[in-house]
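Subject: Structure handover

Hello,

Here is the structure for you to look over. My notes follow below it.

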Amino acid sequence: MPTAPEQNDDAARGAAPDAPVIEFRDVGKRYGDNVVLDGLDFSVRKGDRVTLIGPSGSGKTTILRLVMTLEDATEGYIFVDGEPLTHEERNGRRVELNKKQRKRIRQKIGMVFQQFNLFPNMTVLENIVEAPLHVLGHPRAEVLERAGNLLEKVGLADKADAHPSSLSGGQQQRVAIARALAMDPEILLLDEVTSALDPEIVGEVLGILRTIAEETDITMLLVTHEMQFAKDVSNRVLMFDGGRIIEEAEPEAMFSNPTHERTKSFLRAVLGEDQIGTR
Amino acid sequence: MTPLPAALDWDWESAFESLPSLLSAFLQVTLLVTVLSTALAAVLGLVIAMTLRLAPRPVAGVVRWIAHFIRMTPIVVQLLFAYYAFLELEPLTIGVLVFGIHYSTYMSEVYRAGIDSVPAGQWEATTALSMSTRRTWTAVIIPQALRATVPALGNYAVSMFKDTPFLLVIGVVEMVNAGLIYGGNNFRYIEPITLVGVIFLLASYPTSLLISRLEKRLAYRT
Ligand SMILES: Nc1ncnc2c1ncn2[C@@H]1O[C@H](COP(=O)(O)OP(=O)(O)OP(=O)(O)O)[C@@H](O)[C@H]1O
Ligand SMILES: [Mg+2]
């Protein structure tokens, strides 16, 4: 049965045909007195692959968590496909929307975590089919076939019945990627997905993400310290510091020719002294 | 050599003679109450734990206060109170209800700790997958919380088992009472009471071994 996209009042009001997939308007996030994000404006277009870089504590994870609605911004507005995600402006005041709004929009967004966060009480296959079956309500046979294809894609077809605890970190992260893709998200959020892995298995995970970037048009917002990977998959890099974007460029330009002093010193620390400006 | 004091003179015949009534009380009362009360306590304990977590503050506050009150009064007092307050109920029913409710307040604490032990990342993954509240609890949180709590729940079942002799205050013929009745009729107490002790030991020791083996098997290899 073809499912028409749900059209309710909220959807009709906010959606604009050519809107960015993600838009931050003057977004702020505070924890008590700690201002993590401040007056943040940026947008991500359909099919964009945007890498967030910046020193520890600059708010990169927080941005992904805001998009996934794991946290709420304390100021400003976030839009997904032109629709307000959690808050909107009404008569000049910032009001929280009905929780149904975020629940509906959330289904377009997938996230892969640094610590994998697979469900240890389920097998690999059960992890992958859980949401397609019980959230999307897709037919079992279809879901199983798709899960099989995804496992094939991440090279773990033989591990369907294994429990996550019996897998290596790299394998667990590949399952987590398959689990996120099983929901067929428009937007994929990747937060340092290789930084909990041993160096020798980072490559297997990045290889899969490269393939996904090539074969799909999923919009990606990613945080990574793997600069070569950022260069390979992303078309834009945003450099954060102190809760603001201090520099924005295409990866080639950002890594070979950063303009901002903070970016230069950050990249020097990450890439090593001699690499900046020589490529 | 001085003869043994009279109390310790052991009569095998009385021991064998008392055994059937003890075993029947064990199966029909002690074990029955333990199993039913454990089931009641396990379910009610989970309900209390989830109420404390999900219910609006005033409701949760009242439930917490009642649970605290139940935990802080002796089970014997609760048995006698329920017995005289609900004269129309069978003593055995009173026993099952009081044991079940009393222990549910302890088990709710175990569940609470189990729920708290589920890492934040698990909750975040359920959000990222748009899972419903219901599915989040039944498919992710409760199974993981239970894994952490099964051993503690098992230990409470064993201590409930050992508390069943309190039922004699409301006249239930559980194993100890059956031993006393045999003693009264035959003027031999030491044999039935010793056997009662042995039966308790034979039942609880293997059970607690089983629980600690289960504990090891349930631990996630990470
Ligand atoms: N739940 C929280 N409560 C209080 N402060 C928080 C919380 N989460 C994050 N912070 C603070 O927000 C700031 C930004 O954190 P965030 O995790 O977004 O940084 P990051 O750029 O991802 O850093 P890293 O590279 O180390 O992952 C930090 O100062 C952190 O201490
Ligand atoms: Mg981070």
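Which residues surround ligand 1? They are Tyr31(A), Asn34(A), Val36(A), Pro55(A), Ser56(A), Gly57(A), Ser58(A), Gly59(A), Lys60(A), Thr61(A), Thr62(A) and Glu192(A). A residue is near a molecule if one of its heavy atoms lies within 4 Å of it.

Some ground rules. This is a predicted model, in which local features need pLDDT of at least 70 and side-chain atom pairs count only at pLDDT 80 or more, while totals for chains, interfaces and linings use all residues. Residues are numbered from 1 along each chain as its sequence is written, chains are lettered from A and ligands numbered from 1 in the order in which they are written, and side-chain values use heavy atoms, with hydrogens and water left out.

The ligand

By class, the shell around ligand 1 holds three nonpolar, seven polar and two charged residues. Here Ala, Val, Leu, Ile, Met, Phe, Trp, Tyr, Cys and Pro count as nonpolar, Asp, Glu, Lys and Arg as charged, and the others, Gly among them, as polar.

An oxygen atom of ligand 1 sits 2.8 Å from a polar backbone atom of Gly57(A). For Gly59(A), a polar backbone atom is 3.0 Å from an oxygen atom of the ligand. A nitrogen atom of ligand 1 is 3.5 Å from an N or O atom in the Tyr31(A) side chain. On its own, ligand 1 has 640 Å² of accessible area, and the protein covers 60% of that (Shrake-Rupley method, 1.4 Å probe).

E2 and H2 of chain A are the elements that give two or more residues to this shell. H2(A) gives the most, with three. Helices (H or I, at least four residues) and strands (E, at least two) are DSSP runs, numbered from the N terminus.

The four-stranded sheet

E2-E1-E4-E5 of chain A is the order of an open sheet with antiparallel pairing. Two strands pair if DSSP finds at least two bridges between them. Strands E2 (34-44) and E5 (83-84) of chain A are at the edges with a single partner strand each, so one side of each has no neighbour in the sheet.

Seven bridges join E1(A), residues 22-31, to E2(A). Phe24(A) stands opposite Phe42(A), and Tyr31(A) opposite Asn34(A). Five bridges join E1(A) to E4(A), where Arg25(A) faces Tyr77(A) across the pairing.

Helix H2 (60-67) lies across E1, E2 and E4 of chain A, at about 115° to E1(A). Contact means heavy atoms within 4.5 Å. Axes are lines fitted to C-alpha atoms, for helices over the stretch in contact, and angles run from 0 to 180 degrees between N-to-C directions.

The six-stranded sheet

The order in this open sheet is E8-E9-E10-E3-E11-E12 (chain A), with mixed pairing. Its edge strands are E8 (109-112) and E12 (244-249) of chain A, each pairing on one side only. The twist averages 20° from one strand to the next.

Four bridges join E8(A) to E9(A), residues 187-191, and the two run parallel. Val112(A) has Leu190(A) as its bridge partner. Helix H6 (169-181) of chain A packs on the sheet and touches E8 and E9. Its direction makes about 175° with that of E8(A).

Best wishes

Key: A polar contact is a pair of N or O atoms within 3.5 Å; within protein, one must be able to donate a hydrogen and the other to accept it, and residues adjacent in sequence count only if both atoms are side-chain atoms.
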